[in-house]
Amino acid sequence: MDYRIREPKRPERGNRRRNRYYGKVILLCVMIGFCILALIEIIYGQEKLRLEQERIALEERNAETLQALEKVQEDAGSKDTAQAAPEAELENTSAEQGQITNLTSVDTGTDAPETAAGTEGAAQQDASGDNEAAQAETPEEDEKDMQIVFMGDSILDSTREYDGVAYLISQNCNAKVYNLSMGGTTAALLPGESMDYPQWDSRCLLGVVNAITGRIDTKIFDNYKAGELMKTCDFSKTDYFVIEYGINDFLSKIPTSIYLPNGEKRNMDEAYTYGGALEEAIRKLRDAYPDAKILLIAPHYCQFFNGETFMGDGYSLDYGYGTLIEYARACGYVYDQHREDNVLLYNAFEVSGIDAYTADDYLEDGIHLTSEGRRKYAEDLSRKIMKDFYPEE
């Protein structure tokens, strides 16, 4: 019998070397991973800091603009100066910042007032052209199936013929249309504007509604296309009042509601809020024209730039009263309160197909609609109106 002690079998030298090699590789991979994560965090932090600095700088410039605007309005003694000051001040700010038009207001419409001399000259030289344009927007009633009155900002006002939203809807629905939209306007009253009817000088949605319902004199709309059309329209024959506002309310830092998140109320009248203005407009139109239907259009998706610098979009940019999508939801909330009162809703923000992926096709400057965008917008609205007007088809 062999009583020799056997030595344990030692692992092969090659296996030990391989194990050490794999261990080093794993450790190296872990270290590289940590380095990459640290680098990403540094880059993200720097970009976030840069955007925050740009946001603060923009808010400071906006605050300076508003202060200058308030001073201009205080010094102005006439209604015309008070109306022209916001657009003039904002345009000056845009020029200084390198053409920042879509961060001021949606005011590139064709409905801006002219000087007295310019108006007189245009009246003498283009009388026939104006008459033809008025006839194109208000064709013979007996040839049309319905009458539609549009109220809004430059989304509806900037292009009025050929591929303008209101014009396209008139063709699609065989409708007689009156486009009372005016570029640069809001739904709500601006701070400092009077609610008293004798002193009323605001061209906001409530001003248009008050003129339609006979509460104020239409002279404040003289030299505007909307004012000319008001004088020719029999509003009692209207089938649909279409209300499109919200982007300028957002840019003008108008609250969506008098109610605060904690349930308390702001010390202001509802007419100075976006949702409150929509509510009051609906009540007044329903009282005056109970047989007409009201179609609310929520603001659509937008992108906002400071020059060429992207500042945010309808989901991210907030001036203190919510992002643009919250204004769209405020419009939806008003609709929910009146859906039984012949009120319809087109939530353009969520159902129009205008979003971050299609913005280049549908938005020409981040806000205003391109020709393709207007066609898409008008087709959606036309289908909604036709489905409501002919529910059995």
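Strand 1 (residues 146-152) and strand 2 pair in the parallel sense over 5 bridges; two strands count as paired if DSSP finds at least two bridges between them. Helices (H or I, at least four residues) and strands (E, at least two) are DSSP runs, numbered from the N terminus. This is a predicted model, in which local features need pLDDT of at least 70 and side-chain atom pairs count only at pLDDT 80 or more, while totals for chains, interfaces and linings use all residues. Residues are numbered from 1 along each chain as its sequence is written, and side-chain values use heavy atoms, with hydrogens and water left out.

**The sheet**

- Strands of a sheet pair through backbone hydrogen bonds, either parallel or antiparallel.
- In this model, 5 strands form an open sheet with parallel pairing, in the order 2-1-3-4-7.
- Strand 2 (175-179) and strand 7 (343-347) are the edge strands, each pairing on one side only.
- On average, neighbouring strands of this sheet are turned by 20 degrees against each other, direction ignored.
- Ile 148 stands opposite Val 177 in strand 2.

**Helices lying across the strands**

- Helix 6 (residues 165-172) lies across strand 1 and strand 2, and runs at about 165 degrees to strand 2. Axes are lines fitted to C-alpha atoms, for helices over the stretch in contact, and angles run from 0 to 180 degrees between N-to-C directions.
- Helix 11 (residues 324-338) lies across strand 4 (293-298) and strand 7, at about 160 degrees to strand 7.
- The end C-alpha atoms of helix 11 are 22 Å apart, which agrees with the 21 Å that its 15 residues should span at 1.5 Å a residue; the expected span is 1.5 Å times one less than the number of residues.
- Buried residues of helix 11 include Leu 324, Ile 325, Tyr 327, Val 334 and Tyr 335, where buried means under 20% relative accessible area, exposed over 50% and partly exposed in between (1.4 Å probe, protein chains only).
- The cover over the buried residues of helix 11 includes helix 9 (247-251), helix 10, strand 5 (303-306) and helix 12 (348-351).

**Packing of helix 10 and helix 11**

- Helix 10 and helix 11 pack at an angle of about 30 degrees, their axes being 9 Å apart.
- Their crossing is right-handed; a crossing is left-handed if the near helix is turned anticlockwise from the far one by less than a right angle, and right-handed if clockwise.
- Contact (heavy atoms within 4.5 Å) involves residues including Tyr 274, Leu 278, Glu 279 and Ile 282 of helix 10 and Tyr 327, Cys 331, Val 334 and His 338 of helix 11.

**Salt bridges**

- The structure holds 10 salt bridges, each defined as a side-chain nitrogen of Lys or Arg within 4 Å of a carboxyl oxygen of Asp or Glu.
- Arg 283 forms a salt bridge with Glu 279, the closest N and O atoms being 3.9 Å apart. The two residues are 4 apart in helix 10 (residues 274-288), and are therefore separated by about one helical turn. Arg 283 is partly exposed at 39% relative accessibility, whereas Glu 279 is buried at 15%.
- Glu 280 and Lys 284 meet in a salt bridge of 2.8 Å, N to O. They too are 4 residues apart in helix 10, about one helical turn. Glu 280 is buried, with a relative accessible area of 15%, and Lys 284 is buried at 9%.
- Salt bridges that share partners join Lys 376, Asp 380 and Arg 383 into one network.
- Asp 234 forms a salt bridge with Lys 237, with the closest N and O atoms 4.0 Å apart. Asp 234 is partly exposed at 34% relative accessibility, and Lys 237 is partly exposed at 39%.
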